[in-house]
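User: Please take me through this structure in short questions and answers.

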There are 2 protein chains.
Amino acid sequence: MFTPNPIGYVRSPYTDTKAIPKGLGVRHEVEGILDILTEFEIGLTDVEGFSHLFVIWAFDRSEGYDLFGPSPADNRPHGVFATRSPRRPNPIALTVVELLGRDGPKLRVRGLDMLDGTPILDIKPYMSSIPAEQLRRGWLAEAEARKQADSK
Amino acid sequence: MFTPNPIGYVRSPYTDTKAIPKGLGVRHEVEGILDILTEFEIGLTDVEGFSHLFVIWAFDRSEGYDLFGPSPADNRPHGVFATRSPRRPNPIALTVVELLGRDGPKLRVRGLDMLDGTPILDIKPYMSSIPAEQLRRGWLAEAEARKQADSK
């Protein structure tokens, strides 16, 4: 197996996990920078043509894992692979961001949910979507329906 | 930084990278199994409610990286972070699969583009899509347009 090494770091307004919006229906609109190490800058060539990017990053301030537990989006527990919990066997995270612009090795993006200083492992172009009408969203859809029923 | 450990392995009909469809407009419809280690099975609880999953896996048969190079989808070179090339600084891959069913620790899925025996690092639920009309697809869209023009 390989040893992960940061290709850069996230510059984000969040310095505390408590400040990051979590739970049902949350939208991440915060802007910040994917600050890629200059040695990797050439690898960003043509990335600016894409409106959205996958950012793969490390939950570097999470320790250990829970295979089954609660989620901020639901009061019922779920398996870790059915959630986005940071406490995973491999502490790897995935965020889709909107690319606003690029200045050399710095990507200005919207939609951050990472802490400032988070190590970035990879960036990939977002090439296609599964149409919304083809998605089933399991416990998340059920939790949303319960929340909506409770609010009536 | 953490040390990645497989949570399971891909059971795929592909035993040779040459057999995996690549290039413009390719669709991955092949079925196979995400064979999760039994010690992690409880972490799959409720995953079956989702129609699609993100699979994060390791390019375990790729060595080294090219920051700028050709892609099977285009005869022009691009930065590695604007492509899905396996030769990346961190050899981490991302595939969206359709979940067809679950038998205990085995997930039956469609849409594999991995070799048989590939180590799986993580599984995450696919919760939402960027609407297609909001996507810009850079060099990929340009290559598709050139291909279409050439075929006329």
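User: How many residues of chain B are in contact with chain A?
Analyst: This is a predicted model, in which local features need pLDDT of at least 70, side-chain atom pairs count only at pLDDT 80 or more, and totals for chains, interfaces and linings use all residues. Residues are numbered from 1 along each chain as its sequence is written, while chains are lettered from A and ligands numbered from 1 in the order in which they are written. Two residues are in contact if their C-beta atoms, placed from the backbone, lie within 7 Å. On chain A, 53 residues take part, and the number for chain B is 53.

User: Which element gives the most to the side of chain B that touches chain A?
Analyst: Helices (H or I, at least four residues) and strands (E, at least two) are DSSP runs, numbered from the N terminus. Elements of chain B that each supply at least two residues to this side include β3 (52–58), β6 (92–103) and α1 (138–150). The most, five residues, comes from β8(B).

User: Is Asp46(A) buried or exposed?
Analyst: Asp46(A) is found in the loop between β2 (31–36) and β3 (52–58) of chain A. A residue is buried if 20 or more other C-beta atoms lie within 10 Å of its own, exposed if 12 or fewer, and partly exposed in between, with C-beta atoms placed from the backbone. Because Asp46(A) has 22 C-beta neighbours inside 10 Å, it counts as buried.

User: What is the phi of Asp46(B)?
Analyst: Most residues other than glycine have a negative phi. Asp46(B) is not a glycine, yet its phi is positive, at about 80°.
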